[in-house]
Amino acid sequence: MKKDKETEIDIEVNHTNHYNQKNHSSDKKGNDMKKWEKKKLGDVCGFVRGPFGGSLKKNIFKQNGYAVYEQQHAIYDQFNNVRYFIDENKFNEMKRFELTPGDLIMSCSGTMGKIAIVPENIKKGIINQALLKLSPSKKVLNVFLKLWMQSESFQDSLKEYSGGAALQNVASVAILKNIEISLPPLPEQQRIVSILDEAFAAIAKAKANAEQNLKNAKELFESYLQRVFENKGQGWEEKTLAEISDTFGRGKSKHRPRNYEKLYGGNYPFIQTGDIRNCNHYITEYSQTYSELGLAQSKLWPSGTICITIAANIAETGVLAFDACFPDSVIGLVVNDKLADRDFVEYLLQSFKARIQALGKGSAQANINMGTFENELFPFPPLKEQQAIVKKLDALSAETKKLEAIYQKKIEDLDELKKAVLGKAFRGELIKENVIA
């Protein structure tokens, strides 16, 4: 089954690569770049930047009426989910910002440069301050313009001319209007769009297969993990984590103490919840350090400690690969190796993750506390059986990670291939005869 899926993906990727190579090698046959014109973007479409934020204060919004389109509509290329509305008087006052089918909208702040074409039959409405509306002239197809704006060439220009430190904002309309576009005749635009549609459909199919295979590989391991701890044999006993540990408790240091600038930046690794969430069984990296000044408020936990998050992303686990400190949003568990196998305990906690997370309480963020783990009973077989289970799980985990790496690489390669094909399109390197079958 796995081989069939991998073969299917390889065929599609190779087919698309072959198409790409053929187009590149044949570009002298029928693509006359002399007919392409250099134009300023402002010469081929109209620009309207969304109104000032003060024009659309929340107190004017209605339950129904004329839609106010936001960044989400450009980012996700959907126009159905509308949160805000204005009445007819406000709409008429802001008529300049009205969207019409065939216009393009572009996100202009934060998640910048996402493009969507306004479809037919949308709810009548206007753009908000975070969008740019582009109305293509008869010189350019809106689909061609959208694809060109998605290319690295345009996106790089956008970043170059845009400012903002933590949150980037699109450059002024005057600057955007002066970005150059190489514009072929309309029939050539249509031909390029048609070829790209077919190429992207093949790439999307291959990517969907790779993503499904990646998901299947992860689910295979999770399913096996669950079965191991559900099918308890003779001699298994229910125990608390405290019963199989030498040390069991919360970290003592606060995440951001009042005098944190004196405590952080020292000689001791300081583990945060993100370091645990992003690790693969073993915590080998850390994003912060702790100084000697803070050790009176903290504790240095030994290498081999199992760390468990109890705030935000709860019940994530990892084993320390070095001595480290961590905050009180993390529980530390030092396993007594005469009573339990450390790696068995970590796998066990992974299998109980969903159950523990369901016990989480809190409104904005789910949280659990020390009591959740102090009172929870976990199944433990005899020590030798624990070690045998770990050996099997380690082997399966290693194979799963290999598969995940293969599929993840395929997904990344397909994303790069899409960028490459798009780049070739706007250099005049797509040939009509070489459409993907």
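1. Helix H7 (152–161) gives the most residues to the lining of the largest pocket, namely five. Helices here are DSSP runs of H or I with at least four residues, numbered from the N terminus. The model is predicted, so local features need pLDDT of at least 70 and side-chain atom pairs count only at pLDDT 80 or more, while totals for chains, interfaces and linings use all residues. Residues are numbered from 1 along each chain as its sequence is written, and side-chain values use heavy atoms, with hydrogens and water left out.

2. The largest pocket holds about 770 Å³ of space. Among its 27 lining residues, the closest to the centre are Lys 114, Gln 150, Ser 151, Gln 155 and Leu 422. A pocket is an open set of points, on a 1 Å grid over the protein atoms alone, where a 1.4 Å probe fits, with protein on both sides within 12 Å along at least five of seven lines; lining residues have an atom within 4 Å of a point. The volume is the space filled by probe spheres set on the points, which are joined across faces, edges and corners.

3. The lining of the largest pocket divides into 10 nonpolar, seven polar and 10 charged residues. Ala, Val, Leu, Ile, Met, Phe, Trp, Tyr, Cys and Pro count as nonpolar, Asp, Glu, Lys and Arg as charged, and the others, Gly among them, as polar.

4. The second largest pocket has a volume of about 450 Å³. Of the 22 residues that line this pocket, Glu 222, Asn 280, Gln 350, Lys 353 and Lys 401 are the closest to its centre. Helix H9 supplies the largest share of the lining, five residues. This lining comprises five nonpolar, nine polar and eight charged residues.

5. The structure holds zero disulfides (pairs of cysteine sulfur atoms within 2.5 Å). For Cys 307, the closest cysteine sulfur is in Cys 279, 8.4 Å away, which is too far for a bond. Cys 307 is also buried (under 20% relative accessible area, against over 50% for exposed and in between for partly exposed, with a 1.4 Å probe and protein chains only).

6. The whole structure contains 18 salt bridges (a side-chain nitrogen of Lys or Arg within 4 Å of a carboxyl oxygen of Asp or Glu). In one of them, Lys 409 and Asp 413 have their closest N and O atoms 2.9 Å apart. These two residues lie about one helical turn apart because they are four residues apart in helix H15.

7. Lys 424, Arg 427 and Glu 429 are linked in a network of salt bridges. Glu 429 is buried, as is Lys 424, whereas Arg 427 is partly exposed at 45%.
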